[in-house]
Amino acid sequence: KQWYQRRVRGGTMSYYDFNAESVEIQDENVEVMQPISDKVLKYEEFVNEVLKNDLKHVLEERDKVYDEIAEYSKLQTSLERLATVNARPIRKMIDVGCNFYMQAEVKDMEYIYVDIGMGLHVQLTREEALKFLARKIDQLTIKSEHLTDKSVDIKARIKLIIGALGELQGVS
């Protein structure tokens, strides 16, 4: 299909497919412009297929990082609360998966196991775990800020290309 642009004196814009049928222009104040180039269509496809897809993936990854930060912060808060408890055993409800909980009793709180990533768990004291968690949360915060900057950059590219396409097509 070959699409042409039609500009009306009032500034409204409409598009017609002149190959579908013969179209008569009866208004003397209408000017028919050149066909929209293939480059414009390629840029529109680039925005819709590539940039918007990249933006979606970056935002999903940033959300995963935010979830990790929330988990580590929750663990950090729990460890800080445990510091107030002396050598007494603690009873707690533990999530064993799929939101199923069971009651557990922690008798020895000297060491805890912390997931450090890639399926590795390390035995740490409470103080070591708190230091690790603070560094991990800082690292993940920096990663989330980087992903936020990346998403802002992609959004700026999309707006720039859409604005340029609008100017090329005479749309305000």
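# A walk through the predicted model

By the ring-centre rule, the count here is one aromatic pair. To see it, select Tyr 72 and Phe 132: the ring centres are 6.4 Å apart and the planes sit at 75 degrees, so this is an edge-to-face pair. Tyr 72 belongs to helix 1 and Phe 132 to helix 2 (residues 126-169), so the contact ties together parts that are 60 residues apart in sequence.

**Zoom out for the layout**

Colour by secondary structure next. The protein chain has two helices and seven strands. Starting at the N terminus, the order is β-β-β-α-β-β-β-β-α. Of the 172 residues in the chain, 21% are buried.

**Along helix 1: the negative patch**

Now go back to helix 1, which covers residues 38-82. Select Glu 60, Asp 63, Asp 67, Glu 68, Glu 71 and Asp 115, and you have a negative surface patch. Which element gives the largest share of that patch? It's helix 1, with five residues.

How many salt bridges does the structure hold? There are two. For one of them, select Glu 105 and Arg 91 and draw a distance: the closest N and O atoms are 3.5 Å apart. Glu 105 is in strand 5 (residues 100-106) and Arg 91 in strand 4 (residues 90-97), so this bridge ties together parts that are 14 residues apart in sequence. Glu 105 has a relative accessibility of 40% and so counts as partly exposed. Arg 91, at 58%, counts as exposed.

Pick out Met 102, which you'll find in strand 5. With 48% relative accessibility, Met 102 counts as partly exposed.

Next, follow the chain into the loop between strand 4 and strand 5, where Cys 98 lies. Have a look at the backbone here: Cys 98 has a positive phi of about 55 degrees, though it isn't a glycine. Why does that deserve a stop? Because most residues other than glycine have a negative phi. Cys 98 is also exposed, since its relative accessible area is 73%.

Where is Met 118? Move on to the loop between strand 6 (111-117) and strand 7 (120-125) to find Met 118. Here too the residue is not a glycine, and the phi of Met 118 is positive, at about 55 degrees. With a relative accessibility of 85%, Met 118 counts as exposed.

**Last stop: helix 2**

Finish on helix 2 by selecting Asp 153 and Arg 157. Their side chains meet in a salt bridge, with 3.1 Å from N to O. Asp 153 and Arg 157 are four residues apart in helix 2, about one turn of the helix. How accessible is each partner? Asp 153 comes in at 36% relative accessibility and so counts as partly exposed. Arg 157 is partly exposed as well, with a relative accessible area of 44%. If you still have Phe 132 selected from the opening view, you can trace helix 2 from there, as Phe 132 lies in this helix too.

Notes: Residues are numbered from 1 along each chain as its sequence is written. This is a predicted model: local features need pLDDT of at least 70, side-chain atom pairs count only at pLDDT 80 or more; totals for chains, interfaces and linings use all residues. Side-chain values use heavy atoms; hydrogens and water are left out. Patches are made of residues with over 30% relative accessible area and no salt bridge: like charges are joined within 9 Å, nonpolar side chains (Val, Leu, Ile, Met, Phe, Trp, Tyr) within 5 Å. Accessible areas come from the Shrake-Rupley method with a 1.4 Å probe; for residues, only the protein chains shown count as cover. A salt bridge is a side-chain nitrogen of Lys or Arg within 4 Å of a carboxyl oxygen of Asp or Glu. Lys and Arg count as positive and Asp and Glu as negative; His and the chain ends are not counted. The place of a charge is taken as NZ of Lys, CZ of Arg, CG of Asp or CD of Glu. Rings of Phe, Tyr and Trp (its six-membered ring) pair if their centres lie within 6.5 Å; planes under 30 degrees apart count as stacked, over 60 as edge-to-face and the rest as tilted. Buried means under 20% relative accessible area, exposed over 50%, partly exposed in between (1.4 Å probe, protein chains only).
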